[in-house]
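Hello,

Here is the structure I promised to pass on to you. My notes on the ligand and the pockets follow below.

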Amino acid sequence: MRMENKIGIVTAAGSGMGRAGAIRFAAEGASVAVVDLDKEATDAVVRQITASGGKAIGLSGDLTNDNFARDIVHQTVKQFGGLDFVWNHVGSPGPASIEGLDWKAFDFTIDLNVRSVLVTTEAALPELRARGGGSILFTASTSGLQGSPYSPVYNIAKFGIVGLVKGLAKRYGHENIRINAVCPGPTDTPMLRVFVARPDSQLPPGETPETLVTKRGGANPMRRTGQPEEIANAALFLLSDEASYVNGVALPVDGGATA
Ligand SMILES: NC(=O)c1ccc[n+]([C@@H]2O[C@H](COP(=O)([O-])OP(=O)(O)OC[C@H]3O[C@@H](n4cnc5c(N)ncnc54)[C@H](O)[C@@H]3O)[C@@H](O)[C@H]2O)c1
C-alpha cells in the first residue's frame, strides 16, 4: 500500500476531489482526518472509509475560524499519534469581477483560500518536524498559473498559493518537509457549477452551468472535464514517499490546458 502507516489531514473532504482523496489515501493505508464544514458529508465519508476497513475521523467546522483551522492538527495528532501529511484543499471561487467588488466577498475569498491554509500549515509544521519530515500539498488551480478573465480575486489567491509553495519548499526542504501544489483544471465537482453560475461570470447566452461544465473541460487538449479521482491520484503521488524528491512544484492536472 502506498500510504501505509501514514497519518494525514484532508480539508474540504466532504465532497469532490477532497472526498476522493480521503477515500483513496485511506484505501492505501493512511489514517485520515476528514475535515469539512458540512457535518453530514464529513460523517458520510468517514462511514464509507471505515466500512471498507480504513481508519478515519471526522472533524466538522469552518476553516475560516483560526481556532478550528489550527485545532484540526491537534485533534488529528491526539487521535492518531502524529502527523505525516496535510492536503490543504479548501478554497472557493470568489467574485467574478473587480467592478462593483463586494469587499466582504473579497475578504472571505482571501481568508478561505489563503489565510485558513496558512493557519493549518503553521500548526502542522512542528508536528511534521517531530516525525522527521512530511509532506504538505496545497490546492492551487490553473488560475494560479494563468489569468482567468472572470476570477480576479481567485487569481490573486491561487497565484499566492503557488508563490507560498515555492517559498516554503525552499525553507523547509532541508528538514525533509516537502511542500507542493496541485493545479486542477475544470473538474467535475459541485464547485465547478458554482463557479460558472456566479451572477457576474458572464454565462454566455444559451448556456447553463451544466453545459458549460462540459464545455470548459472540452476546451483542453483532452476535450473533457477532469474527474475528482484524477486529481486525487496526483495528490496521492505528491503526498506519498514516491515523490520523495519532488519539492516546490505546482503540478497542473488539467488535461494539457496550460501546456
Ligand atoms: N472544481 C474545480 O473545477 C476546481 C478547479 C481548480 C481548483 N479547484 C479548487 O479545489 C478546491 C475545492 O474542491 P472541489 O472542487 O473538490 O469542491 P467541492 O465543491 O466538491 O467541495 C468543497 C467542499 O468544501 C467544503 N467547504 C466549503 N467551505 C468550507 C469552510 N469554510 N470550511 C471547511 N470546509 C468548507 C464544502 O462543505 C464542500 O464539501 C478549492 O480549493 C478550489 O479552489 C477546483
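Let me begin with the ligand: one of its oxygen atoms lies 2.6 Å from an N or O atom in the side chain of threonine 189, a polar contact (a pair of N or O atoms within 3.5 Å; within protein, one must be able to donate a hydrogen and the other to accept it, and residues adjacent in sequence count only if both atoms are side-chain atoms). Please keep in mind that this is a predicted model, where local features need pLDDT of at least 70 and side-chain atom pairs count only at pLDDT 80 or more, while totals for chains, interfaces and linings use all residues. Residues are numbered from 1 along each chain as its sequence is written, and side-chain values use heavy atoms, with hydrogens and water left out.

A ligand oxygen is also 2.5 Å from a side-chain N or O atom of aspartate 36, and at threonine 187 a backbone N or O atom lies 2.8 Å from a ligand oxygen. On its own the ligand would expose 840 Å², and the protein buries 89% of that (accessible areas by the Shrake-Rupley method with a 1.4 Å probe).

Around the ligand there are 28 residues, of which Ser15, Asp36, His89, Tyr154 and Thr189 come nearest (a residue is near if one of its heavy atoms lies within 4 Å). By class, this shell has 13 nonpolar, 11 polar and four charged residues. Helix H6 gives the most to the shell, with three residues (helices are DSSP runs of H or I, at least four residues, numbered from the N terminus).

The ligand takes up the space of the largest pocket (more than half of its atoms lie within 2 Å of the grid points). A pocket here is an open set of points on a 1 Å grid over the protein atoms alone, where a 1.4 Å probe fits, with protein on both sides within 12 Å along at least five of seven lines; lining residues have an atom within 4 Å of a point. The volume of the largest pocket is about 1,200 Å³. Its lining has 47 residues, and Pro93, Tyr154, Met191, Leu192 and Phe195 are the closest to the centre. H6 again gives the most, with five residues.

The second largest pocket has a volume of about 160 Å³. Among the 14 residues lining the second largest pocket, Lys6, Gly133, Gly134, Asn176 and Asp241 are the closest to its centre.

Best wishes

How values were computed:
Helices (H or I, at least four residues) and strands (E, at least two) are DSSP runs, numbered from the N terminus. Ala, Val, Leu, Ile, Met, Phe, Trp, Tyr, Cys and Pro count as nonpolar, Asp, Glu, Lys and Arg as charged, and the others, Gly among them, as polar. Grid points are joined across faces, edges and corners, and a volume is the space filled by probe spheres set on the points.
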